[in-house]
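Welcome to this short tour. Open your viewer, get ready to select a few pieces, and let's go step by step.

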Amino acid sequence: MIYGISNPVAVLVGVVGGSGGASSSTTSVSRLNAGGSTIYKGQPVYLSSATQCQKALSTTASTAAVGVASANAISAAATDVLLEGIVTQSDWTNVIGSATLTTGSKYYLSATAGQLTLTPTDALNYVYQYIGIALSTTELFVQIEPPIIL
């Protein structure tokens, strides 16, 4: 539960009129970057309040991802949070630690804030959360699943 919302993804999808199912269109909502650092395009984010987001990480359920940033946002600036759809960029270094995605690979929330990983966590009390699959070396299809607490 985040700020009294048991399923923030469902609430956000309802706000923007999305169906919650797979779709070729994108579903997003605008939120302010409440963290002290830049959120980069493609980084997973969680809701830190009703109007703000921060970089997501898998260390607790309260910081599990609800979407990914669709553009860079400095601290206190607004960014669109992509709830479902495709993020395309030529350099993924700020998100995965290398420039390109591995085509066909699944990406999961990392224990490092704002990062995705190919190897999901298996640490006790951490969160296992699927974020999306690489359609190419530059495209990630975001289809976030609910977090599972280990």
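What percentage of the 150 residues of the protein count as buried? The share is 42%, where buried means under 20% relative accessible area with a 1.4 Å probe, counting protein chains only.

Before you click further, note that this is a predicted model: local features need pLDDT of at least 70, side-chain atom pairs count only at pLDDT 80 or more, and totals for chains, interfaces and linings use all residues. Residues are numbered from 1 along each chain as its sequence is written, and side-chain values use heavy atoms, with hydrogens and water left out.

**Stop 1: the whole chain.** Switch to a cartoon view to find two helices and 11 strands. These are DSSP runs numbered from the N terminus: helices are H or I with at least four residues, and strands are E with at least two.

**Stop 2: the surface.** Now show the surface, whose accessible area is about 6900 Å² by the Shrake-Rupley method with a 1.4 Å probe. Carbon and sulfur atoms hold 53% of that area.

**Stop 3: strand 10.** Select residues 139-143, which form strand 10.

**Stop 4: strand 9.** Next, select residues 130-134 for strand 9, which runs antiparallel to strand 10 with three bridges. A hairpin of four residues links strand 9 to strand 10. Finish on I133, which stands opposite F141.

Definitions and conventions
Buried means under 20% relative accessible area, exposed over 50%, partly exposed in between (1.4 Å probe, protein chains only). Two strands pair if DSSP finds at least two bridges between them.
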